[in-house]
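Please look at the sequence and the model below before reading on, and keep both in view as you follow the explanation.

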Amino acid sequence: MEFNMSIRQGYQILRKQQKIKLKDLSVIVGVSVPMLSMYENEIVNLHKEKEKKYREFIISPSNVKRDRL
């Protein structure tokens, strides 16, 4: 059995693992919560700058929860 995951799905999983809410992320990126949801579900695209902010925030080491160790 083969599983194919898109880049967006990977970021969505990382976001959920880190317990980053779309509401909080939407403020950082500068778009609405529904827009981010549609982006993660591959319905719409974000401008390159906003997509970069989205990805950088999720992979930022400062967002990793230390209390899970």
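The paragraphs that follow go from the whole chain to its helices and then to its core.

This is a predicted model, in which local features need pLDDT of at least 70 and side-chain atom pairs count only at pLDDT 80 or more, while totals for chains, interfaces and linings use all residues. Residues are numbered from 1 along each chain as its sequence is written, and side-chain values use heavy atoms, with hydrogens and water left out.

The chain has four helices and zero strands, and along the sequence it follows the pattern α-α-α-α; here helices (H or I, at least four residues) and strands (E, at least two) are DSSP runs, numbered from the N terminus. Of the 69 residues of the chain, 28% count as buried, where buried means under 20% relative accessible area, exposed means over 50%, and partly exposed lies in between, with a 1.4 Å probe and protein chains only. If we take the contacts between residues at least 6 apart in sequence, 54% join residues at least 24 apart, contact meaning heavy atoms within 4.5 Å.

We can begin with helix 1, whose buried residues are Arg8, Tyr11, Gln12 and Arg15. They cover an arc of only 105 degrees around the axis, which puts them on the same side of helix 1; the arc is that of the directions from the helix axis to the C-beta atoms. What covers these buried residues of helix 1 includes helix 2, helix 3 and helix 4. Just after helix 1, Lys19 takes a positive phi of about 60 degrees. In the loop between helix 1 and helix 2 lies Gln18, which is buried, with a relative accessible area of 9%. The C-alpha atoms of Gln18 and Ile58 are separated by 8.1 Å, although these residues are 40 residues apart along the chain.

Which residues of helix 2 are buried? They are Leu22, Leu25, Ser26 and Val29, and they cover an arc of only 105 degrees around the axis, which puts them on the same side of helix 2. The face turned away from that buried side carries the exposed residues Lys23 and Val27. The buried residues of helix 2 pack against helix 1 (7-17), helix 3 and helix 4 (48-59). Val29, for example, touches Lys50, Lys53 and Tyr54, not counting residues up to four places away in sequence. Helix 2 is followed by Gly30, whose phi is positive, near 90 degrees.

The axes of helix 2 (residues 22-29) and helix 3 (residues 33-40) come within 9 Å and cross at roughly 100 degrees, the axes being lines fitted to C-alpha atoms, for helices over the stretch in contact, and the angles running from 0 to 180 degrees between N-to-C directions. Helix 2 and helix 3 are therefore roughly perpendicular to each other, a term that covers angles of 65 to 115 degrees. On the side of helix 2 the contact is made by Leu22, Lys23, Leu25 and Ser26, and on the side of helix 3 by Val33, Leu36, Ser37 and Glu40.

Finally, the largest nonpolar core has eleven residues, among them Tyr11, Ile20, Leu36 and Ile58; such a core is a set of buried Ala, Val, Leu, Ile, Met, Phe, Trp, Tyr and Cys residues joined through side-chain atoms within 4.5 Å. Helix 2, helix 3 and helix 4 each supply at least two residues of this core, and the largest share, three residues, comes from helix 2.

Technical notes:
Angles under 35 degrees count as roughly parallel, over 145 as roughly antiparallel, 65 to 115 as roughly perpendicular and the rest as oblique.
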